[in-house]
Amino acid sequence: MTADPVSSVLAGAEDATSWQEDFYRDLHQHPELSHQEHRTAEKVAGRLREQGYQLHTGVGGTGVVGVLRNGSGPVVLLRADMDALPVREATGLPYASTATSGADGEGSPVMHACGHDVHVTCLLGAAQLLAAGTEHWSGTVIALFQPAEEAGDGAQGMVDDGLADLVPKPDVALGQHVMPYPAGIVGTHAGPTFAAADSMRITVHGRGGHGSMPQATVDPVVLAAHIVVRLQTVVSREVAPTDPVVLTVGSILAGTKSNVIPDQATIELNLRTYDERTRSQVLDAVERIVRAECQASRSPREPEFEMVARFSLTDNDAGTTEKVTAALTGHFGADRVEDIGRVTASEDFGDLPAAWGIPYSYWAFGGTDPDRFERASREGRVAQDIPVNHSGTFAPVLQPTLRTGTGALVVAALAWLA
């Protein structure tokens, strides 16, 4: 191996990954929802096959895993997620998605509104560079492309489908996510980093009737409205200001017509926390408030609570993160590597290393035009002017986003393999 494996592997990266921008545009134009990533998986498998990776396809449904053995040494798992979201694209880009969830053009719009197309493209680029530079490192690379991150069950689905029996046990798992930071910036953090998330569906019951005779009804719309307002006090008045918590009501469904009081209303909420104690405290408060409001409204039936999704806490191993941060800083420079602190977004990445009980680190990198971000920051308008993940206007700039994400994966992997 050479004295500087990182520089050697990344030498000529621009020529070696010249296909990335076109590949990214194609993925962006053809997004696929969770558990439906068939076209994406096929294109990923084709690229890995060309680079000599041993392939495992259909893992957990549409998951793709490539294994590249290169002598003795550590085993490093690199992960990217593949699925898109039911969001209508409003970026105005020439390669904007017009896809829908229905094969006939009907159904909900679909968009890569969270940057998973960036993740796939970067990991494929890193996989190619590592395959082309095997004389500069030793060990095994596992390139894992995961379905259904947005559903929260894609990683566990791959584990349940026998992932651990298909590949050698990794020594470390590494991953990354594009975020609305300036492109070219990489951000790490040790310990709890991406929040745990719970999604709950609550159904409250009333007694329906004519809108002109409300005295004969129990209005679940008013009941739901009181619940939503009262839930705002959980974080502001029941949780210590030093404990980060986000509680969001994202959906209320009730009724069919303006003059018909319905029989029930459904509330869907999402909770983000960083420790089990706070999680239990908030969930207990939600149930207490809902039951109390139902009693106050004379609801004829007890409310129903259903947990519909759960994302585990992304708790970055301190030693692993220190090693990753040092490698990234050595390559990109201290001015481009930051501590991002705790992020209230959530990930199911941690379910993969949990299957083996191995350490992991998951970092972020920027995708926003640096000049645009600097201008918004100077004017105090970052929240208003910079599109965030899951927005119909979220569109990472191609460069230096792809170069940074690809390089970060290579550099981090070589911190073990070299």
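**Pockets and a helix beside them**

α14 is the top contributor to the lining of the second largest pocket, giving 4 residues. (Helices are DSSP runs of H or I with at least four residues, strands are E runs of at least two, both numbered from the N terminus.) The model is predicted, so to speak: local features need pLDDT of at least 70, side-chain atom pairs count only at pLDDT 80 or more, and totals for chains, interfaces and linings use all residues. Residues are numbered from 1 along each chain as its sequence is written, and side-chain values use heavy atoms, with hydrogens and water left out.That second largest pocket has a volume of about 330 Å³. A pocket here is an open set of points on a 1 Å grid over the protein atoms alone, where a 1.4 Å probe fits, with protein on both sides within 12 Å along at least five of seven lines; lining residues have an atom within 4 Å of a point. Of its 16 lining residues, Ala13, Glu14, Thr17, Gln20 and Arg403 are closest to the centre. α2 (13–16), α3 (20–29), α10 (318–332) and α14 (401–417) each supply at least two lining residues.

Stay with α3 for a moment. Its buried residues (under 20% relative accessible area, 1.4 Å probe, protein chains only) are Gln20, Phe23, Tyr24, Asp26, Leu27 and His28. They pack against α4 (38–50), α5 (116–132) and α14.

Now for the largest pocket, with a volume of about 980 Å³. Among its 36 lining residues, Glu150, Ser199, Asn270, Arg272 and His390 lie nearest the centre. Strands β5 (172–182), β8 (196–205), β10 (246–254), β12 (264–273) and β13 (304–311) are the elements giving two or more residues to that lining.

Notes:
Grid points are joined across faces, edges and corners, and a volume is the space filled by probe spheres set on the points. Buried means under 20% relative accessible area, exposed over 50%, partly exposed in between (1.4 Å probe, protein chains only). Contact means heavy atoms within 4.5 Å.
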